[in-house]
Amino acid sequence: MSTNPTASPLILTAKFDEVSQARLDGLRERYFPPERNMIPAHLSLFNQLPAGMTGLIPDLEEACALRGRVEGRFDGLKFLGKGVAYTLDAPRLVELRKKLAREWEPWLAPQDRQKLSPHVTIQNKVDPQTARDLHARLTATFEPFETVIEGVSLWRYLGGPWEPVRDLYFSG
């Protein structure tokens, strides 16, 4: 993949409140393999938007202007085979993502055409037994917790690390 900023795909993520982001980053720093932990904890809404996609920023500005902050609840853990994620119940976020997916359908990669299953990965690309052990340990003490999604963040994929492009906040 090219690291040319004009050709690199864009990633859209949910922007959590500071307290939730710090908590999720702490979990990721603790459990994610350090050599692979190049980006903050995140919930991907779209994984591969074309860099030159017409109307992307105006669509996001409009969508954010029409919404207030989105409340959600981390309600469980998900075993990923080689990792673990926190699952999120946030119907209004799922609704926003569906709306954008309908509008952007011609530009979406196959992965981004799939239904959103909101989660934040805190461990990935480890031995399956290591992931199973962490999943069991965290499940035994898990307590659901509330979060607020304040907007969305747009990133440029650079072959591993991500470059921040723009944060857009819900203001409706």
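**View 1. The polar contact of Ser 44 in a predicted model.** The side chains of Ser 44 and Asn 47 are joined by a polar contact of 3.5 Å; such a contact is a pair of N or O atoms within 3.5 Å, where within protein one must be able to donate a hydrogen and the other to accept it, and residues adjacent in sequence count only if both atoms are side-chain atoms. The model is predicted, so local features need pLDDT of at least 70 and side-chain atom pairs count only at pLDDT 80 or more, while totals for chains, interfaces and linings use all residues. Residues are numbered from 1 along each chain as its sequence is written, and side-chain values use heavy atoms, with hydrogens and water left out. Ser 44 belongs to strand β2 (residues 44-49); strands (E, at least two residues) and helices (H or I, at least four) are DSSP runs, numbered from the N terminus. Beyond its neighbours within four places in sequence, Ser 44 is in contact (heavy atoms within 4.5 Å) with Ile 11, Leu 12, Thr 13, Leu 116 and Trp 162.

**View 2. Helix α4 and its buried face.** Ala 131, Leu 134, His 135 and Leu 138 are the buried residues of α4, buried meaning under 20% relative accessible area (1.4 Å probe, protein chains only). Seen down the axis of α4, these residues fall within an arc of 105°, so they line one face of the helix; the arc is that of the directions from the helix axis to the C-beta atoms. They pack against α1 (18-31), β3 (70-79), β4 (84-89) and β5 (119-123). At the start of α4, the backbone nitrogen of Gln 129 lies within 2.9 Å of a side-chain oxygen of Asp 127.

**View 3. The aromatic pair of Phe 74 and Tyr 86.** Rings of Phe, Tyr and Trp (its six-membered ring) pair if their centres lie within 6.5 Å, and planes under 30 degrees apart count as stacked, over 60 as edge-to-face and the rest as tilted. The count by this rule is 7 aromatic pairs. The ring centres of Phe 74 and Tyr 86 are 6.4 Å apart and the planes stand at 80°, so this pair is edge-to-face. Phe 74 lies in strand β3 and Tyr 86 in strand β4, so the pair ties together parts that are 12 residues apart in sequence. Both Phe 74 and Tyr 86 are buried.

How values were computed:
Buried < 20%, exposed > 50% of the residue type's maximum accessible area, 1.4 Å probe, protein only.
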